[in-house]
Amino acid sequence: MPAVGVLGIPADPADLALAHPQAPSPVPGAVIVHPGCAFTARHWPVDRYAAVARRLAGGGLRVVVTGSAAERPLASYVATTAGLPDDAVLVSRTTLSQLSAMVAEASLVVCGDTGIAHLATAYGTPSVVLFGPVSPQHWGPPHSVRSISCCGPAAPATPSQTSPTRVCSASPQPRSSPPRSG
């Protein structure tokens with residue numbers, strides 16, 4: 001029984017959807033690249049995030065980089081290495097409500113196994129979620145969600161180090177336009 005059920009609060013453990021945030025997204029339809037996470041064992045190499053961001057931006061998509069205030073150097077490195085403009089780094093420039101709206105209205109989210117991945121799942125936003133030492137079968141999105149879950153050996157966060165990954169589930173397609181709130 002889910003924890004809230006034990007507390008007497010009715011809940012459907014299969015219902016992961018969140019209502020669309022009331023705040024507007026400052027960048028509707030953008031691709032969000034979120035390179036940070038709290039545990040270094042779950043970090044994907046930042047050069048790989050930068051390569052993904054560069055490729056997506058080169059394909060004509062608007063790419064923004066998010067993170068916590070402590071992750072500003074990481075986000076700035078990704079943006080600079082990817083050739084993104086300075087205003088693509090949204091660290092400490094949005095409220096939590098705006099960040100939630102950005103995820104809800106994103107065309108794609110690329111991130112590690114962290115909170116923003118769970119928001120993408122809850123809003124049904126296409127996502128690529130990169131897992132380190134913990135299998136996506138344990139904490140990843142359900143197979144019914146438009147997501148790729150990649151797993152493999154954990155990789156340090158330093159730009160020069162790499163490690164292989166493997167795809168564990170099907171590929172999402174970026175949205176052609178942001179969803180309408182309703």
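This is a predicted model: local features need pLDDT of at least 70, side-chain atom pairs count only at pLDDT 80 or more; totals for chains, interfaces and linings use all residues.
By contact I mean heavy atoms within 4.5 Å of each other.

**Entry 1: E71**

I started with E71 and looked for its partners, skipping neighbours within four places in sequence; that left H34, G36 and C37 in contact with E71. Where does E71 sit? I found E71 in the loop between β2 (63-65) and α3 (72-82).

Buried or exposed? I got 15% relative accessibility for E71. The cut-off for buried is under 20%, so E71 counts as buried.

Next I checked what the E71 side chain is doing. One of its polar atoms lies 2.8 Å from the backbone nitrogen of S68. I also took a C-alpha distance from E71 to V91: the two are 20 residues apart along the chain, and I read 7.6 Å between them.

**Entry 2: G67**

I then went from G67 to V89, C-alpha to C-alpha, and got 8.6 Å for a pair 22 residues apart in sequence.

**Entry 3: α4 against α5**

I moved on to a helix pair. Helix α4 covers residues 96-105 and helix α5 covers residues 115-123. Their axes are 9 Å apart, and the packing angle came out at about 55°. Angles of 65 to 115 degrees would be roughly perpendicular and those under 35 degrees roughly parallel, so I put α4 and α5 down as oblique to each other. The crossing is right-handed.

Which residues meet there? From α4 I listed L99, S100, V103 and A104; from α5, I116, L119, A120 and Y123. Sorting this contact by class gave me seven nonpolar residues, one polar and no charged ones.

**Entry 4: the chain overall**

Last, I zoomed out. How many helices and strands does the protein chain have? I counted six helices and six strands. Reading along the sequence, I wrote the order down as α-β-α-β-α-α-β-α-β-α-β-β.

The protein chain has 182 residues, and 45% of them are buried; E71 is among the buried ones. I also looked at contacts with a separation of 6 or more: residues 24 or more positions apart make up 60% of those.

Terms used
Residues are numbered from 1 along each chain as its sequence is written. Side-chain values use heavy atoms; hydrogens and water are left out. Axes are lines fitted to C-alpha atoms, for helices over the stretch in contact, and angles run from 0 to 180 degrees between N-to-C directions. Helices (H or I, at least four residues) and strands (E, at least two) are DSSP runs, numbered from the N terminus. Angles under 35 degrees count as roughly parallel, over 145 as roughly antiparallel, 65 to 115 as roughly perpendicular and the rest as oblique. A crossing is left-handed if the near helix is turned anticlockwise from the far one by less than a right angle, and right-handed if clockwise. Ala, Val, Leu, Ile, Met, Phe, Trp, Tyr, Cys and Pro count as nonpolar, Asp, Glu, Lys and Arg as charged, and the others, Gly among them, as polar. Buried means under 20% relative accessible area, exposed over 50%, partly exposed in between (1.4 Å probe, protein chains only). A polar contact is a pair of N or O atoms within 3.5 Å; within protein, one must be able to donate a hydrogen and the other to accept it, and residues adjacent in sequence count only if both atoms are side-chain atoms.
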